[in-house]
Amino acid sequence: MSLSPGRRLADPCVRRGVRKRYQKVHNRIPKIPVRNDSLPFLLKIIAEIGENNYNLEELETLGKNGSKKVKTVLHFQMPGRLIMGGGTLKELPRIIQQLGKNNPLIVTDTGIVEAGICERIKAVLENENIEVGCFDKVEPDPRIEIVYDCLEVAKAKSYDVLIGLGGGSSLDITKVVSILLTNSGDISGYFGIDKIPEAGMDTILIPTTAGTGSEATPIAVLSDKKEHLKKGIVSDKLYPKVALIDPELTTSLPANITAYTGIDALTHSIEAYTNKYSQPFVDTFALESIRLIGANLRKAVSNGKDIEARYNMSLASLYGGMCLGPVNTAGVHALAYPLGGTFDVPHGIANSLLLPYVMEFNLPANPEKYAKIASALGEDIRGLSLNEAAQRSVDAVVQLSRNVVIISRMRDLNILADAIDDMAIAAMKVTRLLNNNPREITLEDAKQIYKNAY
Ligand SMILES: [Fe+2]
């Protein structure tokens, strides 16, 4: 609720001199809703940047309790088209025709081929006289080299649309290959944010897991084995033309992958919701995603054929993915990358190992939001102090992980404790994500978080 200026200024705690300065600043940002309880933070802005020196574009205003920063500018983008529902796979031929294409290349992995999903799709397309090629060499947490292997196949014939089919790895490879087909530069020039000049070949992304939300993100992540790091490309050129989400495709997913990918989705949503640059718009999807995961991940793991749980997990993953474009992830993902880059720990497992410990570290930065996460995960926080309620979010995540994930400590993955220092140094390089964390993580903090997770 935003209050009228009259009511805001009637706040009895506003001293006369402060009221003038408050009004002066607020008059220059009239479109930003300001709450009565926002005053302390606004005054802090005045004190920090002076009345005349602030930059409207960079200006941050306050969150619900007047002490948390909220980025005022929201940039939100989606796939060109979003199609979701059980059995929507059969719409694929029509979608391809509507795009004016007739020569698709499927980009996937051998697991999808062995599960018969690739053949199903081929049959659906060939029924409509659409011939289809297939590249099935995508690996988990793929190396940069896989992009070039796929690029070679994509160039060999006159394919006109790429279909990414599988988990986040296949979807990410599809995105990157699409832009390399139309841009002449080397991939190394595209790592980072907004570095791709031209739109890529059209893509249709079809997830078969419920975790990465990659079908709705402008992000692709690849493993650089030389630097032992995961590297990200972030660009609106990576959004697909169509995201087709058919939860029936996830019913054959093994329980362990359901668990790890589900925790990855939970991590996306928690890191978006508690992000330093969180947005009310993003918060809505993030919190609902957290609620859906709390209510459905155990069911999807214990009975993969539970189509309602599968649908809800696909939805939660999609919501989580939608949050990543505007605000992206934070400390958990930054610290998880060295685990994947150095020790090939699958992304979802790395996140599940670190999530509770990074949350615990972050609690003081925004206990209100962590209390809401606890509630969304089904915890009864009535009668608890704010800090107790916030702590319940960590307890709930630990409990959920224990219920669905087998590995709970880093040491169980044969990672030597000696590696912690190097991992912390590597994590500190992931500044694009560390900058989003609600609490600053120093090198020493990173070491301690790894030790706690060990
Ligand atoms: Fe992730």
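Helix α11 is mostly covered, with 16 of its 18 residues buried. A residue counts as buried if 20 or more other C-beta atoms lie within 10 Å of its own, as exposed if 12 or fewer do, and as partly exposed in between, with C-beta atoms placed from the backbone. From its first C-alpha to its last, α11 reaches 26 Å, close to the 26 Å expected at 1.5 Å a residue. The expected span of a helix is 1.5 Å times one less than its number of residues.

The model is predicted; local features need pLDDT of at least 70, side-chain atom pairs count only at pLDDT 80 or more, and totals for chains, interfaces and linings use all residues. Residues are numbered from 1 along each chain as its sequence is written.

The chain holds 18 helices and 11 strands. Helices (H or I, at least four residues) and strands (E, at least two) are DSSP runs, numbered from the N terminus. Of the 454 residues in the chain, 49% are buried. Among contacts in the chain between residues at least 6 apart in sequence, 75% join residues at least 24 apart. Two residues are in contact if their C-beta atoms, placed from the backbone, lie within 7 Å.

Helix α14 (residues 367-376) packs against two helices, α10 and α15. With α10 (residues 280-302), the angle is about 35° and the axes are 8 Å apart. Axes are lines fitted to C-alpha atoms, for helices over the stretch in contact, and angles run from 0 to 180 degrees between N-to-C directions. From α10, Leu287, Ile290, Arg291 and Gly294 meet Lys372, Ile373 and Ala376 of α14. This contact of α10 with α14 divides into 4 nonpolar, 1 polar and 2 charged residues. Ala, Val, Leu, Ile, Met, Phe, Trp, Tyr, Cys and Pro count as nonpolar, Asp, Glu, Lys and Arg as charged, and the others, Gly among them, as polar.

With α15 (residues 386-404), α14 packs at about 50°, and the axes are 7 Å apart. The two helices, α14 and α15, are therefore oblique to each other. Angles under 35 degrees count as roughly parallel, over 145 as roughly antiparallel, 65 to 115 as roughly perpendicular and the rest as oblique. The crossing of α14 and α15 is left-handed. A crossing is left-handed if the near helix is turned anticlockwise from the far one by less than a right angle, and right-handed if clockwise. Residues of α14 in this contact include Pro367, Tyr370 and Ile373; those of α15 include Leu386, Arg392 and Ala396. By class, the contact of α14 with α15 has 9 nonpolar, 2 polar and 2 charged residues.

The axes of α7 (residues 144-156) and α8 (residues 168-182) come within 9 Å and cross at roughly 60°. That makes α7 oblique to α8. The crossing of α7 and α8 is right-handed. Ile146, Val147, Cys150, Leu151 and Ala154 of α7 meet Ile173, Val176, Val177, Leu180 and Leu181 of α8. The contact of α7 with α8 has 10 nonpolar, no polar and no charged residues.

Two loop residues complete the account. Asp141, in the loop between β5 (133-135) and α7, has a positive phi near 45° and is not glycine. Asp141 counts as buried because it has 20 C-beta neighbours inside 10 Å. Asn328 lies in the loop between α11 (307-324) and α12 (331-343). Its phi is positive, about 65°, although Asn328 is not a glycine. Asn328 is buried, with 23 other C-beta atoms within 10 Å.
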